[in-house]
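Please look over the sequence and the model shown here before reading on.

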Amino acid sequence: MAERTTCVVVGGGPAGMVLGLLLARAGVEVTVLEKHADFLRDFRGDTVHPSTLQLLDELGLGDRFAKLPQSRLDTVSVPGPPALAIADFRKLKIAHPYVAMVPQWDLLDLLADAGRAEPSFHLRMNTEVTSLVREAGQVAGVRYRTADGTTGEIRADLTVGCDGRWSVVRREAGLRPREFPVPIDTWWFRLPREGNERAHLVPEMRDGHFGVVIPREEYFQIAYLAAKGLDGRLRAEGVEAFRDRIRAVVPQLADRVDAIASMDDVKHLDVRLNLLPRWHREGVLCIGDAAHAMSPIGGVGINLAVQDAVATARLLAAPLRRGVAARDLARIRRRRLLPTLVVQAIQRLMHRVVIRPVIEGRRNGPPKPLVTLMNAVSAARRIPAYVIGVGLLPEHAPKWAQRNNNTNK
């Protein structure tokens with residue numbers, strides 16, 4: 001016998017957990033399905049941006065979040081000569097003028113704990129969605145399989161795909177994204193962090209190599225960017241050749257690259273940049289990476305996904321209580337399309353004028369006119385700071401979802 005809920009959310013990432021929590025606070029019966037046993041997966045986006053920090057305050061979770069181990073970044077720069085300050089969050093008049101670097105599992109655990117305090121919130125781990133249930137020409141829920149092989153169905157008035165760039169919900173709903181060309185893939189790994197080494201988000205560009213050093217509390221998370229389709233070659237060359245690449249791009253960390261024991265320690269991300277022309281069909285909606293996969297440039301994918309989730313909850317809480325219609329689902333795309341298009345346009349521009357010339361060895365940094373402008377006009381750094389940190393059309397928690405921090409400790 002099939003189970004029943006009002007809304008089933010597929011994927012327990014930031015978008016899925018925020019959506020589940022907000023809908024539950026609206027009194028909507030919601031079930032979040034996460035295929036893994038826990039949230040402990042490395043090399044996920046760990047940036048929590050100012051607008052998300054503001055949202056956590058509004059949800060009454062700001063104090064609890066502040067107690068999590070974290071690094072705080074108030075600038076993004078590229079070392080010289082000449083050095084280039086890309087974004088300075090300190091110039092923004094906002095409650096949190098910085099990006100918090102927090103392991104994503106800590107953020108998700110916090111959201112899960114807050115959700116469990118709501119009677120209508122249900123989180124099912126170890127539950128992988130395998131297909132959609134259709135009834136009378138529309139999606140009516142999901143089929144799932146648990147870790148022990150048990151299968152079942154959950155019927156729902158609405159199914160929301162928050163299951164990332166390889167979304168099962170998107171595929172099963174017959175939604176096809178438009179793909180944009182991307183010149184890079186990313187390889188993630190970690191290196192030791194010693195003592196009080198600087199906590200800056202630092203892109204490094206040298207001789208056809210591009211890397212980003214991301215500080216975590218106890219180690220550096222490194223993103224190595226190189227030409228798309230290179231993974232097979234890198235693994236065939238072996239770990240010592242890969243270490244040489246890292247020594248070249250981040251020489252200040254050359255003394256610790258032996259921490260990369262083998263290529264098994266290096267995780268490959270097939271970078272995608274795409275957009276669904278249509279985010280919904282009858283009974284089903286996709287948001288976050290399932291609707292618009294983002295490049296890692298700027299680290300804005302999580303921020304956009306969370307903003308999608310807030311807009312979805314705000315616009316659909318009432319319709320879900322009375323019966324959600326296709327026109328209600330269409331409002332989500334209309335609301336969130338402009339911020340998505342702007343960010344993707346910027347990322348495509350960055351790919352063309354900064355990333356591709358670097359990885360092709362034609363330049364060791366951003367174009368000189370850009371460096372001159374950004375260094376000469378301090379106000380120019382506010383624009384990327386705002387786009388990265390806050391974004392267009394920032395979403396706020398609806399009144400019915402807001403709580404006082406003092407009541408959520």
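What follows is a report on selected features of this structure, which is a predicted model.

## Helix α7 and its buried face

Helix α7 covers residues 239-249, and within this helix F242, R243, R245, I246 and V249 are buried. Viewed down the axis of α7, the buried residues fall within an arc of 155°, and they therefore line one face of the helix.

R247 forms a salt bridge with D258, the closest N and O atoms being 3.7 Å apart. D258 itself counts as exposed, at 52% relative accessibility.

## Salt bridges elsewhere in the chain

Side chains of opposite charge can pair when their charged atoms come close. In the whole structure, a search finds 33 salt bridges. One of them joins R155 to E135, with 2.6 Å between the closest N and O atoms. This pair links distant parts of the chain, since R155 sits in strand β11 (residues 151-161) and E135 in strand β9, 20 residues apart. Both partners fall in the intermediate class of accessibility: R155 counts as partly exposed at 22%, and E135 counts as partly exposed at 44%.

A salt bridge also brings together the side chains of R256 and D255, at 3.2 Å from N to O. Here the two partners are classed in contrasting ways, for R256 counts as buried at 8% relative accessibility, whereas D255 is exposed with a relative accessible area of 60%. Beyond these pairs, a network of salt bridges links E179, D185, K228, D270 and R272.

## Patches on the surface

Which residues gather in a patch of positive charge on the surface? The patch is formed by R134, R176, R278 and R281. Of these arginines, R134 is found in strand β9, which runs over residues 127-135, and is partly exposed, with a relative accessible area of 48%.

R363 is found in the loop between α9 (326-359) and α10 (368-376), where it counts as partly exposed at 26% relative accessibility. How many residues along the chain lie between the positions of R363 and R206, and what separation do their C-alpha atoms have? The two are 157 residues apart along the chain, and their C-alpha atoms are separated by 8.1 Å.

Notes
Residues numbered from 1 in each chain as written. Predicted model: local features only at pLDDT ≥ 70, side-chain atom pairs only at ≥ 80, totals over all residues. Heavy atoms only, no water. Buried < 20%, exposed > 50% of the residue type's maximum accessible area, 1.4 Å probe, protein only. Helix = DSSP H or I, 4+ residues; strand = E, 2+ residues; numbered from the N terminus. Arc of directions from axis to C-beta. Patch = residues over 30% accessible without salt bridge, like charges linked within 9 Å, V, L, I, M, F, W, Y side chains within 5 Å. Areas by Shrake-Rupley, 256 points an atom, 1.4 Å probe, with all protein chains shown as cover. Salt bridge = Lys/Arg side-chain N within 4 Å of Asp/Glu carboxyl O. Lys, Arg positive; Asp, Glu negative; His and termini not counted. Charge placed at Lys NZ, Arg CZ, Asp CG, Glu CD.
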